[in-house]
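Hi everyone, thanks for coming along.

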Amino acid sequence: MARALNFFAGPAVLPVPALERAQKELLDFGGTGTSVMETSHRSKEYEAIHNEAIALIKEFLGLGDTYQVLFVGGGASMQFAMLPMNLLAKDQTADYVHTGTWSKKAIAEAKLFGNVNVAFDGETVKLTRIPKQEELKLTPGARYVHFTSNNTIKGTQWHWLPKTGNVPLVCDMSSDFLWRKFDPSPFGLIYAGAQKNVGPAGVTIVIIRNDVLAACKEENPTMLKYQTHAKENSLFNTPPVFTIYMVRNVLAYMKDVGGMAKIEEHNRKKAGMIYDTIDANPDFFRAPVAKDSRSMMNIVFRLPSEELEAKFVAEGKEKRMYGLKGHRSVGGIRISAYNSCPLDAVEQVCAFMKAFAKTNG
Ligand code: PMP
């Protein structure tokens, strides 16, 4: 049976070679006579996979020894709390840039631990764009500045980095992690759930700079301290071995196809094709996001009526195009075209959009 055209926002499509590798190694990986799910996380065979995944992330981003790459459970949602729990004291202030549903959740959790200054309130622009530098009201001496690089639901994305002087940048990159290479040096901490760009659900990748790690609070539960995971190479307790194995497979595939430069080219091409289709039919498709804030991962748009949107989703499903429905909180259409979404799937959805507009316009 042919693979579906998968546009889900996450968990999302994985590369066929990464899945086939898992299939091939399911009964016996690395000559162990077991699957990775059935092997001790202390075995040298598992540790090789674990370390390869970390090394590939370090290589893709040129992280060197200044940063630690951690695998943590609990999703990006747990990072909303774990971050301030480790970094923010009651009398300190962290700046948060509010650009969507997920930043709002991050802000709510941070308030449990210290002072939060909302450096930009995206509600004032209906969350349809990313702020400009001069719109950010930053706190001098803030503990950190937090932003969400890609707003999965609203379909906006940062295409520049906030300038914060010596204040560490902290970023939720859950929905655009490794979509392209970037300079990591302004970042004190990055976190990203794996289940959109780099693997299945079950693990969150945390990249933490050594100086930020060293300054983490001591008085937290063991499992909720970044230092615990850093000291033990994310093997303090049993990690989600199969998820990390799949992350390794996806990262190895990304390297095989040419690494970050190729991945970025591929992503820009796909998103460009969808936005071109929207822009070429302005009477039928309406993109609510400002052009300079358009997401390369989650492309959102409206049709002339909710009835037509429902029809579009239903007809898409008949063509085995899944995940076209916008998030339940905003409606409309959303096409998620993450790293592993094939070009061919995007070509087909664009052809469908054009034909649908012609028939129903
Ligand atoms: N941040 C962003 C940007 C997201 O898109 C999501 C999930 N869609 C989350 C955080 C929450 O992630 P999780 O479900 O892994 O907790």
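Let me start with a question: which backbone oxygen does the side chain of lysine 217 reach at 3.1 Å? Keep that in mind while I say that what you see is a predicted model. The answer is the backbone oxygen of methionine 85.

Let's stay with lysine 217 for a moment. You can find lysine 217 in the loop between helix 5, residues 210-214, and helix 6, residues 226-231. A polar atom of the lysine 217 side chain also lies 2.7 Å from the backbone oxygen of leucine 88. If we leave aside neighbours within four places in sequence, lysine 217 is in contact with Pro84, Met85, Asn86, Leu87, Leu88, Ala89 and Lys225. And here is a distance you can check on screen: from lysine 217 to glutamine 227 is ten residues in sequence and 9.2 Å in space, C-alpha to C-alpha.

Now let's step back to the domains. The domain assignment gives domain 1, covering 16-256, and domain 2, covering 259-360. Their C-alpha centres lie 27 Å apart. How many residues of each domain are in contact with the other? There are 25 from domain 1, and they meet 25 from domain 2.

For our two domains, the buried area is about 2100 Å², with carbon and sulfur atoms giving 56% of it. Between domain 1 and domain 2 we count zero salt bridges. What we do have between the two domains is 13 residue pairs in polar contact. On the domain 1 side, the elements giving two or more residues are strand 7, residues 156-157, and helix 7, residues 241-256. Helix 7 makes the largest contribution to that side, with three residues. By class, the side of domain 1 that touches domain 2 has eight nonpolar, nine polar and eight charged residues.

Next, the ligand. What surrounds the ligand, and which residues are closest? There are 13 residues around it, and the closest are Ser77, Thr152, Asp172, Gln195 and Lys196. Let's look at some individual distances. Aspartate 172 has a polar side-chain atom 2.6 Å from a nitrogen atom of the ligand. Glutamine 195 places an N or O atom of its side chain 2.9 Å from a ligand oxygen. Tryptophan 102 has a polar side-chain atom 3.5 Å from an oxygen atom of the ligand.

Two backbone details are worth a click as well. In general, most residues other than glycine have a negative phi, and most peptide bonds are trans. Which bond is cis here? The peptide bond from glycine 10 to proline 11 is, with omega near -5 degrees. Proline 11 sits in the loop between strand 1, residues 5-6, and helix 1, residues 16-24. Then there is lysine 126, which is not a glycine but has a positive phi of about 55 degrees. Lysine 126 belongs to the loop between strand 4, residues 115-121, and strand 5, residues 145-148.

Last stop: asparagine 360, in helix 10, which covers residues 343-360. Its side chain and that of lysine 311 are joined by a polar contact of 2.6 Å. Not counting residues up to four places away in sequence, asparagine 360 touches Phe284, Leu308 and Lys311.

That's my tour, and I'm happy to go back to any part of it.

Note on methods:
Residues are numbered from 1 along each chain as its sequence is written. This is a predicted model: local features need pLDDT of at least 70, side-chain atom pairs count only at pLDDT 80 or more; totals for chains, interfaces and linings use all residues. Side-chain values use heavy atoms; hydrogens and water are left out. Domain bounds come from an automatic or database domain assignment. Contact means heavy atoms within 4.5 Å. Buried area is the accessible area (1.4 Å probe) that two parts lose on being put together, summed over both. A salt bridge is a side-chain nitrogen of Lys or Arg within 4 Å of a carboxyl oxygen of Asp or Glu. A polar contact is a pair of N or O atoms within 3.5 Å; within protein, one must be able to donate a hydrogen and the other to accept it, and residues adjacent in sequence count only if both atoms are side-chain atoms. Helices (H or I, at least four residues) and strands (E, at least two) are DSSP runs, numbered from the N terminus. Ala, Val, Leu, Ile, Met, Phe, Trp, Tyr, Cys and Pro count as nonpolar, Asp, Glu, Lys and Arg as charged, and the others, Gly among them, as polar. A residue is near a molecule or strand if one of its heavy atoms lies within 4 Å of it.
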